[in-house]
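Please look over the sequence and the structure shown here before reading on. The briefing that follows takes up sheets, a ligand site and some backbone details in turn.

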Amino acid sequence: MTTLAPIQQLRGQRLRLLRELERKVLWLSAWTIHNANHLRPNRDGLKVGGHQASCASLATVMTALYFSVLKPEDRVAVKPHASPVFHAIQYLFGHQTQDKLERFRGLAGAQSYPSRTKDIDDVDFSTGSVGLGVAMTLFSSLVQDYVRLKELGDGKRPTGRMVALVGDAELDEGNIFEALLEGWKHDVRNLWWVIDYNRQSLDGVVNDRLFGRIGEMFELVGWRVVTLKYGKLLEAAFAQPDGEHLRQWIDDCPNSLYSALVFKGGAGWREALTRDLNQYPGIRRILEQHDDETLHRLMTNLAGNDMQAVLDAFEGVEGDQPTCFIAYTIKGQGLPFAGHKDNHSGLMTLDQMAGFKNGMGIADGQEWDKFAGLKATPAELQQFLAEAPFNAEGRRRTEAPAVAIPPALPRPNDRESSTQTGFGKILNAIASEDSELSRRIVTTSPDVTVSTNLGAWVNRRGLWAHTEAEDVFRELKVVSAQLWRKTPRGQHVELVIAENNLFIQLAAMGLSHQLFGARLLPIGTLYDPFIARGLDALNYACYQDARFMIVATPSGVTLAPEGGAHQSIHTPLIGIGQPGLLSYEPAYVDELAVLMRHGFDYMQQDKGGSVYLRLSTRSLPQPQRTLSAEQESDIVAGGYWYAPPAPGSDVAIVAMGAVTPEAIAAHESVVRDFAGTGLLVLTSPDRLHADWLAAQRSRGRTAGMVDRSPAPVERLLAPLSRDARLVTVLDGHPLALSWLGSVRGHRVVPLGIEAFGQSGDIPDLYRAYKLDTVAIIDAVARSI
Ligand SMILES: Cc1ncc(C[n+]2csc(CCOP(=O)(O)OP(=O)(O)O)c2C)c(N)n1
Ligand SMILES: [Mg+2]
């Protein structure tokens, strides 16, 4: 008897235990979905769903990663529909409960798709909308380098790998390629993307020709590509006489035929191979040596579902070059509908589950048992799990202290200014200070840095890059207002024109305190209309509770000559409707300074969120005033009386943002006829609306001890008479303000933009779209 060297013995033991755990993970993921769909009472007749086949193809890869390869500092985005595999793994680690698995996809149960904020089991990146989680790992890797190079963390955290487990059809999403270009430009590192190449998407089989190019594309942008194609059994068969013909046959086999044969099983393989390769004696021998079951196992032995091959691939790469693993797998591997093109949402029937359960060696009542049906002893498995490197530090979410925000930000006091100019000046003033605030701000912009007025900030603080690079124009003494010097100390991350990248970059920066233990105060600038271009990514960032500030400028038809293609109409409604995002539209620069200060603070509060500032390039005469503390708190709460109404007044004008001068002029005219008419300037219908609903809810809850404290908007509208009229005006969709009539039952005449704009100057456009002084006066007259 030969004694194996200890290291080999350990490897053998590890392989054996990982294969056991792979079975358990496959079982638990399938059972979790089965239980939710078949065994829980169904009260609404809706299919609960879950993706048994999509889970199965990743079971090997995820088992290898979490139980052996990953380290605590690594961060992972799991393909959304492999959520049950993730939860099963965390359950085995002891970070997920049986109760939550039993309530999978139910209220307070394990989430359908891994969720940072709703799941309890240490999700690094939420996923759901395919493609976004993948890009999130790339931008997180940049953030990891950003905070490391600047020593913004505690200095103790090792550099981790950012890992994405990617469905092959996720690569259809364009945002992935936008991100790849950005990653190449910034020399991204420590990134692993593992593509679950099961050659199936939701509707069917992935096009054969598409994937031929994928590896080349990764190499083109500097990635290493590792292909995991054939498992150890198939490699051994290829090494036998005539084996090369078998390899060639599989290589040439169209995706759809291979998938169909996987579904048909041993007899199907035998028939096809006999038909095509019977002339080779070696192949005839292979067919003779295998019964249908073992032939099926052989022919479906792809590397992404072969534990040894997976471990070899992961452990075979060194260094920090971004790496794409193309792991050939089978959708539904090990399940009755493996390979079937319709299996994406397919669920095992009760009979199929009974057979599967039997095959797994699980008795009735043992379904949630962590080790039932496995050959290794529970003690041995428990110890292996406890020693998994990934689990060495328990929960891996980091914390970072809040950055102190000074009581007031610098306030430029120009007599005339736009909010956009004011924004640039405020940031420039912050940049000139050496403060914790100025060090923690990081800005980013998709190629609109100068045109959104970040230029002065960037001149002072520099562009960020891994390595120093001088500004060539400066070296050659070409005069330019911009000094684009790149350094690892720089605080502006320059992006290509891709709003998806902007929002995912902000998501990663805005989670830096929890991912990398270093607090950042990210500010992203873009043109307001292009929020829509990255809206899903913005939603994704908010869903993860990332904290950042968006400065969107210019906005509305007020950007005038640029025309309808660039004029944003419904962004105020996005500001109101988007959870996790508090939106403001100040008219004046002193308001903006108050709101930016509030924003930096709000971004760091437990119950805070991100902030959206909708700004303008229109220069307005600035009110010469010193804001009182009360006025400042009104500005933060969403609005203030610019001209207070007389008690019991019957009319008020309500304005927001760039059209405020028209409202002021209209008000001056109206008060001549209707003395006591008020002018209310709003800074945030979003905040007013949310606080109004919250106040109503708290009244409902405390019935008996009724809480009568008015919401800010109720307080603002209180002086008006019961049947007063409100004329509301903003450069955006009128719906953003027309709800004000519901607060106290006032009738509203809402002015705003309902159609695509056209190019023109402000006087023409305001007249055409009825935002000018005459239109406001008319509206007041009509309201009476
Ligand atoms: C942006 C977006 N569009 C559509 C979907 C619906 N959807 C969920 S999974 C899926 C197909 C995914 O196929 P693939 O990435 O190959 O994953 P597999 O299940 O094969 O592992 C689709 C279209 C989604 N989640 N997100
Ligand atoms: Mg697929």
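In what order do the strands of the open sheet of 5 strands with parallel pairing stand? The order is S1-S2-S3-S5-S4, where strands (E, at least two residues) and helices (H or I, at least four residues) are DSSP runs numbered from the N terminus, and two strands pair if DSSP finds at least two bridges between them. This is a predicted model, in which local features need pLDDT of at least 70 and side-chain atom pairs count only at pLDDT 80 or more, whereas totals for chains, interfaces and linings use all residues. Residues are numbered from 1 along each chain as its sequence is written, chains are lettered from A and ligands numbered from 1 in the order in which they are written, and side-chain values use heavy atoms, with hydrogens and water left out.

**The parallel sheet**

- Strand S1 (75-78) and strand S4 (224-228) stand at the edges of this sheet with a single partner strand each, so one side of each is left without a neighbour in the sheet.
- Neighbouring strands of this sheet are turned by 15° against each other on average, direction ignored; axes here are lines fitted to C-alpha atoms, for helices over the stretch in contact, and angles run from 0 to 180 degrees between N-to-C directions.
- S1 runs parallel to strand S2 (residues 162-167) and is joined to S2 by 4 bridges, with alanine 77 standing opposite alanine 164 in S2.
- Helix H2 (residues 52-69) lies across S1, S2 and strand S3 (191-197), and runs at about 150° to S3, contact meaning heavy atoms within 4.5 Å.

**The ligand site**

- Ligand 1 is surrounded by 18 residues, the closest being Ser54, Lys79, Asp168, Gln200 and Lys331; a residue counts as near if one of its heavy atoms lies within 4 Å.
- The residues of this shell divide into 3 nonpolar, 9 polar and 6 charged, where Ala, Val, Leu, Ile, Met, Phe, Trp, Tyr, Cys and Pro count as nonpolar, Asp, Glu, Lys and Arg as charged, and the others, Gly among them, as polar.
- A polar backbone atom of valine 130 is 3.1 Å from a nitrogen atom of ligand 1, while a polar side-chain atom of asparagine 198 lies 3.0 Å from an oxygen atom of ligand 1.
- A polar side-chain atom of histidine 344 lies 3.4 Å from an oxygen atom of ligand 1.
- Taken alone, ligand 1 exposes 590 Å², of which the protein buries 76%, the areas coming from the Shrake-Rupley method with a 1.4 Å probe.

**The mixed sheet**

- Another open sheet of 5 strands has mixed pairing and the order S16-S18-S17-S19-S20.
- Strand S16 (639-643) and strand S20 (747-751) stand at its edges, each with a single partner strand, so one side of each is left without a neighbour in the sheet.
- Strand S17 (residues 651-656) and strand S18 (residues 678-682) pair in the parallel sense over 5 bridges, and valine 654 has leucine 680 in S18 as its bridge partner.

**Backbone details**

- Threonine 553 and proline 554 are joined by a cis peptide bond with omega about -5°, and proline 554 is placed in the loop between strand S12 (549-552) and helix H25 (571-577).
- Aspartate 122, in the loop between helix H4 (98-102) and helix H5 (132-149), has a positive phi near 65°.

Methods: A polar contact is a pair of N or O atoms within 3.5 Å; within protein, one must be able to donate a hydrogen and the other to accept it, and residues adjacent in sequence count only if both atoms are side-chain atoms.
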